[in-house]
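We will go from stop to stop.

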Amino acid sequence: MLCIQRATLLTPDEQIDDGVLLIDRGRIVAIGDAAHIGVPADAEIIDAGGLIVAPGFIDLQLNGAFGEDFTWAPESIWRVAEGLPRWGVTSFLPTIITSPLQKVAQAQETLEAGPPSGWRGSIPLGLHCEGPFLNPQKKGAHNPAYLRAPALEDVAAWRPEQHVRLVTLAPELEGALELVQTLAQRGVVVSAGHSMANYEQARAAFAAGVRYGTHLFNAMPPLEHREPGLPGALLHATEVTVGVIPDGIHVHPAIVALAWAAKGPSRLSVVTDAMAALGMPPGRYQIADHEVFVTEDARGVNVARLASGTLAGSVLSMDEALRRLILYTGCTLGQALATITSTPADLLGIGRERGRLRAGAWADLVFLTPTIEVVRTMIAGVTCYVREES
């Protein structure tokens with residue numbers, strides 16, 4: 001039995017001061033304040049005095065890190081996952097962008113084979129297939145040579161049981177709605193993105209089963225007052241969750257605040273969309289088969305772009321995304337935490353297992369300072385990262 005005590009617990013639905021967590025066999029067995037939770041005499045104690053303990057962070061869109069790109073080298077998923085706990089990420093969706101379909105199959109095989117012996121790291125929950133059924137007019141950093149028209153035979157093996165959890169497509173393409181219905185019936189979360197869909201086409205996609213919007217405002221038509229388009233439909237739909245990259249580059253801080261006002265913590269999902277340069281210095285990196293140039297801008301922020309100037313993912317860590325969301329919106333830490341814990345967990349249908357501090361859930365935990373710095377990360381009750389003291 002492991003006991004974490006003297007913590008400020010953010011579940012994130014409530015705050016428990018002088019909190020106690022009891023963990024056994026990787027799961028939380030009891031949670032509450034010290035006055036109501038007894039500590040077994042033989043428990044191993046972790047003193048979290050002065051720290052905030054929150055659910056582990058979940059990233060629904062991560063292309064790679066540490067110089068590795070999941071699309072270019074799907075076998076790198078386990079290697080990258082070992083390093084993610086330093087930013088509080090305890091589970092994630094490795095993202096495979098538009099490429100030959102065999103790349104998705106290779107990534108599925110990588111997850112099916114499981115981690116190498118002795119491995120410890122962030123848990124891949126399944127794949128996010130971002131493409132290849134995208135609109136060429138909003139291809140972004142995706143190679144147009146590999147874009148395809150929606151076809152059911154191409155997704156025959158795309159289902160949660162075969163490690164595909166989220167699919168981004170352009171719903172206005174011919175045949176897309178049939179694909180949406182098929183994937184949604186299997187339990188795959190279908191997202192609208194890299195799309196030129198108008199408002200009516202977007203609403204039809206929601207009726208067919210689309211429940212997410214990939215990086216709101218990016219790779220979409222602009223929001224206009226007479227033609228709200230896909231972004232307007234996503235903001236207006238109460239049943240649809242949206243992803244946002246709050247790096248101050250992909251979306252202006254004021255627009256992040258507007259999205260927050262429209263969707264709130266239960267329907268806004270913060271993602272990093274980070275690529276191979278995460279955790280690395282500026283330089284040249286890969287995203288799929290494109291070369292990406294990562295440079296430092298005038299603010300000292302690393303920016304990833306193709307040679308054409310097109311944004312190519314981010315170099316944003318999840319803890320920094322959390323801090324920026326609070327800065328841009330003025331929301332509380334508990335509200336911000338929901339966007340990277342309970343909200344993505346609920347979207348994936350795993351809200352009882354992950355994303356909240358509750359009895360029965362996996363003990364995926366992040367220990368934060370009051371200034372929201374990660375000092376310890378635990379996955380299934382096992383410490384995978386501890387910040388070195390400077």
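Which residues have the most contacts inside the largest nonpolar core? Select Phe-57, Leu-60, Leu-127 and Trp-158. The core around them has 87 residues. A nonpolar core is a set of buried Ala, Val, Leu, Ile, Met, Phe, Trp, Tyr and Cys residues joined through side-chain atoms within 4.5 Å. Buried means under 20% relative accessible area, with a 1.4 Å probe and protein chains only. Now colour helix α7, residues 318-329: it gives this core its largest share, six residues. Helices are DSSP runs of H or I, at least four residues, and strands are runs of E, at least two, numbered from the N terminus.

A note on the model: it is predicted, so local features need pLDDT of at least 70, side-chain atom pairs count only at pLDDT 80 or more, and totals for chains, interfaces and linings use all residues. Residues are numbered from 1 along each chain as its sequence is written, and side-chain values use heavy atoms, leaving out hydrogens and water.

Next, select Trp-78 and Trp-119. Both are buried. Their ring centres are 5.0 Å apart and their planes at 80 degrees, so the pair is edge-to-face. Rings of Phe, Tyr and Trp (its six-membered ring) pair if their centres lie within 6.5 Å; planes under 30 degrees apart are stacked, over 60 edge-to-face, the rest tilted.

Move to Phe-133 and Trp-158. This pair is tilted, with 6.0 Å between centres and 50 degrees between planes.

Last stop: Arg-27. Its charged end sits over the ring of Trp-362, 3.9 Å from the centre. The cut-offs are NZ of Lys or CZ of Arg within 6 Å of the ring centre and within 35 degrees of the ring normal.

Terms used: Buried < 20%, exposed > 50% of the residue type's maximum accessible area, 1.4 Å probe, protein only.
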